[in-house]
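Work through the exercises below with the model open beside you. Each task is followed by its solution.

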Amino acid sequence: MSTLALCLRCRLSLSFSQTEQHSFLYLQRRLRHASGAQTYLKKREHFRDLPAQLPKNPKNHFKRSRAPYRPEPVIPDDAHNIGPASIENIPEFFVRNVRAWATHPRIHTRLRDFGIPALHTRPLLRAFAEAVERGELHETDEQFEQYGLTRFAQGLSELSADQAESEVDVIYSTIFFTWASDPKQQGKLIDTLSVSPFKTLSHIQRLSEAACRQYPAEEFPPARRMHRRIIMHVGPTNSGKTHHALSALAAASTGVYAGPLRLLAHEIWERLNLGEITPIGSSDPDSQQVATTSGELPTYFNDHPSLIRALRGSKRGNLAHGRPCNMITGEEQKIVSESASLLSCTVEMLSTTRICDVAVVDEIQMISDPQRGAAWTSAVLGLCAREIHLCGEETAVPVIQALLRDTGDEIEVRKYERLTPLAVEEQSLEGNWGKVKKGDCVVAFSRSGIFGIKRHIENRTGMRCAVVYGKLPPEVRSEQARLFNDPESGYDVIIGSDAIGMGLNLKIRRIIFDAVAKKMADGSQQRLSAPQVKQIAGRAGRYGLLEPTAKFKGAPWQSPGGVATTLYQSDLPYLRQALAEPIRPLRYARLGVRTETFTGLAQVLPQGASTFTIYEAHIYVGRLGANYRYAMPDESLLKSICQMVDEEGITGSLTIEDRKLLCIAPLPWRDARCLLVMRRLVKMYRERLKVDLLEAIEGTGFMDALEGMESSADGASGIDNMNGSKTRTRPSTNRHSWDGAEEVGKINQTTLNLLETFHKVLALYIWMSYRSPASWGGREAVGLIKLRVEHALERCLEGLSKRAVNRGKEGFGVRKFQVQRQARQGALLI
């Protein structure tokens with residue numbers, strides 16, 4: 001046989017090394033035929049060097065990079081890692097980086113967006129850089145205070161590169177506007193640059209005045225007229241700090257509780273009405289006077305059946321201590337009496353004008369949260385309560401003390417220790433989910449990861465797993481927690497995201513971390529912070545929820561402790577390190593965008609300025625105190641939100657108030673279906689001033705998923721029967737433009753995802769209805785659909801768990817049969 005008759009693989013083996021063969025065959029598969037691959041290789045002069053460039057796994061070679069595009073940094077990269085180590089180093093850092101900031105194209109573009117003519121942008125920035133380099137902005141202590149230069153030393157070196165760049169950009173920009181709007185500087189600029197004071201400099205001054213919020217405490221006059229006593233209850237998870245604060249609330253004539261979650265607000269509302277919280281000074285705190293007959297119940301219980309159900313299952317209820325309490329959250333209101341003297345609400349719904357005796361604000365460390373921290377700042381500065389109890393981590397103490405220096409309020413700090421011990425196990429699970437035990441809680445950081453772990457555990461152990469994650473409605477999360485806590489429910493393990501670290505009282509003996517890092521939106525991996533690890537791990541061994549065991553009898557604590565471990569041994573050292581790490585104080589509190597500031601800037605900025613530009617003006621123009629930063633979503637998300645609002649709003653003449661309201665609406669903006677429905681709702685509002693939810697969700701599959709789950713009496717629509725056949729579901733009533741439409745109505749991940757998204761849309765509608773009831777009507781009807789969705793979600797989760805357990809049992813049976821057969825065959829051979 002001639003050489004030419006050899007197949008391509010054989011010819012390749014005669015002329016190329018094994019590594020080169022690997023590369024050539026890979027290219028052949030990519031280009032579908034050999035001639036194409038040969039043509040391609042002839043055009044590459046560096047083919048002989050190609051094998052050295054290919055990775056060991058050639059499948060990943062020509063993949064497009066997933067790393068997001070990162071523009072040229074505003075300041076040199078080395079500045080991110082250096083930063084001013086102390087206040088003494090600030091002038092050197094300030095001077096060294098000012099020229100790079102002032103010449104960056106992004107800064108020039110931003111100033112033009114703010115209405116500063118391009119003709120004046122360059123000379124103004126040049127004059128600013130020269131003034132900084134001459135030392136004119138940092139010669140005296142007064143100048144340090146005037147320009148807020150101490151912000152450069154507030155943990156800049158502790159931030160990531162992107163965060164440090166953004167922070168430095170904001171600091172330089174606000175210093176620039178403070179300098180350019182100073183009347184002393186404006187005279188010099190007019191003389192040297194021939195800039196008209198009635199145009200550019202006047203515009204800069206009006207921008208600075210509209211955005212200035214240097215003294216946020218003065219934005220709450222009613223609170224400033226009061227003498228308030230602030231009591232901070234700080235300590236680790238499971239230290240009893242919130243219990244002491246709630247006891248003070250239960251004893252108050254008038255009061256309010258504010259928590260971070262609707263779930264927490266509902267729990268406190270229930271406990272106050274049932275008398276589960278013993279007031280301070282009660283003579284018989286351990287008495288049990290639970291009423292079970294309807295004749296002994298308060299009359300308002302008849303209007304709230306959930307209270308009656310909770311009372312029957314309560315072991316701590318004492319109606320002698322019960323207090324009528326209303327509940328208000330962004331999505332729900334439960335009014336037991338118009339004259340009720342107590343209120344439970346989410347932090348965002350707190351009133352800063354209502355006067356009361358006692359207020360309790362939970363999870364105060366969230367005052368520094370980049371998205372929601374502004375609500376806690378408003379509570380600290382604006383609550384009109386004679387006694388305010390702030391509960392949370394000790395990390396918040398310094399920043400609260402700094403904020404209260406401007407208010408003149410009295411402050412007392414009470415520190416607590418954990419009531420039960422928390423230990424780290426010597427060994428991890430070594431990657432084996434079969435080592436999970438009853439009472440364990442597994443923590444993962446993605447929805448797909450949670451359900452993957454759930455399948456593994458249920459298949460390997462036969463135990464059923466409850467699930468808790470952020471996308472689930474609070475009602476469903478509460479029901480999943482109840483199933484896990486109930487020893488008779490059959491749910492022995494709970495799997496959740498980091499949302500499990502807040503708002504749920506669970507009978508957890510051991511916390512298992514699937515990983516100690518979570519995937520971020522840009523695809524990068526970020527380790528959990530030490531406070532996050534402590535918050536999650538601290539849920540193990542909850543005081544008062546677990547029965548004492550022989551291991552802990554005779555110990556000084558009255559309840560068994562908790563333990564924490566990891567799935568893999570390599571993560572265990574970081575878990576120990578994080579739990580042992582000393583606390584790091586929070587650097588600053590977050591401020592929200594006020595309607596007055598938003599409107600003022602919209603009027604000063606050029607006509608037709610985008611919503612994103614208005615938000616940018618708050619951040620880059622507004623002079624804030626050294627202890628404050630704005631609470632904003634990340635820039636990419638904020639841009640997408642503002643783009644949608646502008647597309648539907650500016651052309652449709654939505655008011656500024658409408659645009660701001662849409663920007664803060666509780667919507668998962670990265671969810672394509674939610675965004676589609678939101679666009680339809682906004683269009684209806686713009687054109688008709690009325691919205692129709694059912695019309696807005698047409699074609700999304702939401703109602704098909706719901707009705708498919710309800711088509712069977714037991715909610716098992718579409719689930720595999722034991723004989724292998726499948727239950728038929730009702731055919732879809734409309735055509736869908738999305739993938740997986742044929743799977744809707746069956747118990748699977750597609751249906752679960754649709755129901756979760758549907759619930760978010762319904763919650764959004766109800767949220768808007770409380771703020772614009774004339775246009776967003778039909779709240780009661782939407783509330784009934786929301787209740788149906790919650791029941792369907794519970795059925796879907798239960799069906800998924802049953803199916804996994806059944807498969808696990810079948811797997812056990814198959815393996816047992818194989819072992820027995822092998823044993824019989826071995827006996828015959830012997």
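**Exercise 1. Find the members of the aromatic cluster, then examine one ring pair.**

Start with the cluster: F93, F94, W101, F114, F128, F152, Y172, F176, F177 and W179 belong to one aromatic cluster. Rings of Phe, Tyr and Trp (its six-membered ring) pair if their centres lie within 6.5 Å; planes under 30 degrees apart are stacked, over 60 edge-to-face, the rest tilted. This rule gives 16 aromatic pairs. Take W101 and F176: their ring centres are 6.3 Å apart and the planes stand at 50°, so this pair is tilted. W101 lies in helix 6 and F176 in helix 10, 75 residues apart. Buried means under 20% relative accessible area, exposed over 50%, partly exposed in between (1.4 Å probe, protein chains only). W101 is buried at 1%. F176 is also buried, at 1%.

The model is predicted: local features need pLDDT of at least 70, side-chain atom pairs count only at pLDDT 80 or more, and totals for chains, interfaces and linings use all residues. Residues are numbered from 1 along each chain as its sequence is written, and side-chain values use heavy atoms, without hydrogens and water.

**Exercise 2. Decide whether helix 23 is enclosed or open.**

Helices (H or I, at least four residues) and strands (E, at least two) are DSSP runs, numbered from the N terminus. Count first: seven of the 10 residues of helix 23 are buried, so the rest of the structure largely encloses this helix. Among them are F598 and L601. Next, find the partners. The buried residues pack against helix 12, helix 24 and helix 26, where contact means heavy atoms within 4.5 Å.
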